[in-house]
Amino acid sequence: MTSSIAPRVESLASSGIQSIPKEYIRPKEELESIGNVFEEEKKGGPQVPTIDLKDIESEDIKVRERCLQELKKAAMGWGVMHLVNHGISDQLMDRVRIAGQKFFELPIEEKEKYANDQASGKIQGYGSKLANSASGQLEWIAYFFHLVFPEDKKDLSIWPKTPSDYTEVTSEYARQLRGLASKILSALSLCLGLEEGRLEKEVGGLEELLLQMKINYYPKCPQPELALGVEAHTDVSALTFILHNMVPGLQLFYEGKWITAKCIPNSIIMHIGDTIKILSNGKFKSILHRGLVNKEKVRISWAVFFEPPKEKIILKPLPETVSEMEPPSFPPCTFAQLIQHKLFKKT
């Protein structure tokens, strides 16, 4: 590791510092909205909807329709939801959590063997967020990023070797999540009055839709009210599914206020990303969200981003979502252009 690289946030966290380096301190106007996450979680007010998926494929049309209506309301009103009865076992989710946690508990020098190198385009592996050149701002986070599906596009050579079951559990989780996404995409298609397989096809189908997993590791922070784990953003993906270790931190910008998501046991959080927002011509939301940190507990989340291929598909509002009253709200673009546009806007 060259000396020009800022120390990993885990090293800072374990060094016993009482105050955080200035690069981590958020701008003044942002600091006003950052509170103690445990206090924030207890607040009343609007709550992220919980969607029970047990009836999503019910034989009984009425029962299924009720489930679809709930999903539609959440997708249009929030663009984020807790999914329960999603069909992925608690045991598998626990194994995924334990495997990721064990990797992050390794000594820094072990993890550095998996380091990514963003400058050379090697984005998979262990990393920290590079400073956004405009603000020089850093986030209180370390992460591990890798493509986990389709099988033939995985590069297992960069996956953690420790713990020994990491590859097995992560691959199985990715396979099951891929099945869950198909169900959700079918349901969202029906909510837009489209044929069931339509959205899945529009984002690349089984062959081309990529699943990128990012394990986000937020160490304890000595001054959590001055920092963010992840700054405010919307996901560029089609869908994002998030597992966490039951420590609060996710905040959503809803009706002009930051709302802290409660931790619901064995749920999976699902975000609708910009890709589906565009295809739906803005009928489905892609919500602005961010991550808070705290000084008592390490927070870990497992985000899987479902991404269309970068160049092969032109993303634009589907003809069925457009009318004279509702003209297209978004110009056609590839997924690569969408990413560029967002990076450009930031800097």
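Let's start with a question: which residues point one way from S7, and which the other way? On one side you've got Leu239, Phe241 and Leu243, and on the other Thr240, Ile242 and His244. Whichever way they point, all of them are buried. And before I go on, keep in mind that this is a predicted model.

Who are its partners? S10, residues 268-272, is joined to S7 by 4 bridges, and the two run antiparallel. If you want a pair to click on, Thr240 has His271 as its bridge partner in S10. Then there's S12, residues 299-307, also antiparallel to S7, with 6 bridges joining them. There, Leu243 sits opposite Trp302.

Okay, on to the helices. H4 is residues 61-77 and H7 is residues 166-191; they pack at an angle of about 85 degrees, with the axes 9 Å apart. That makes H4 roughly perpendicular to H7, because anything from 65 to 115 degrees counts that way. From H4, the residues in the contact are Arg64, Leu68, Leu71, Lys72 and Ala75, and they meet Ala187, Leu188, Leu190 and Cys191 from H7. By type, that contact has 7 nonpolar residues, 2 charged and no polar.

While we're on H7: how far does it reach from its first C-alpha to its last? With 26 residues, H7 reaches 37 Å, close to the 38 Å expected at 1.5 Å a residue. After the helix comes Gly193, with a positive phi near 75 degrees.

Not counting residues up to four places away in sequence, Glu40 touches Gly35, Gln251 and Thr260.

Last stop, Thr334, in the loop between S12 and helix H11, which is 335-346. Thr334 is buried too, with a relative accessible area of 7%. Leaving aside neighbours within four places in sequence, its contacts are Lys310, Glu311, Ile313, Ile314 and Leu315.

Terms used
Residues are numbered from 1 along each chain as its sequence is written. This is a predicted model: local features need pLDDT of at least 70, side-chain atom pairs count only at pLDDT 80 or more; totals for chains, interfaces and linings use all residues. Side-chain values use heavy atoms; hydrogens and water are left out. Buried means under 20% relative accessible area, exposed over 50%, partly exposed in between (1.4 Å probe, protein chains only). Two strands pair if DSSP finds at least two bridges between them. Contact means heavy atoms within 4.5 Å. Axes are lines fitted to C-alpha atoms, for helices over the stretch in contact, and angles run from 0 to 180 degrees between N-to-C directions. Angles under 35 degrees count as roughly parallel, over 145 as roughly antiparallel, 65 to 115 as roughly perpendicular and the rest as oblique. Ala, Val, Leu, Ile, Met, Phe, Trp, Tyr, Cys and Pro count as nonpolar, Asp, Glu, Lys and Arg as charged, and the others, Gly among them, as polar. The expected span of a helix is 1.5 Å times one less than its number of residues.
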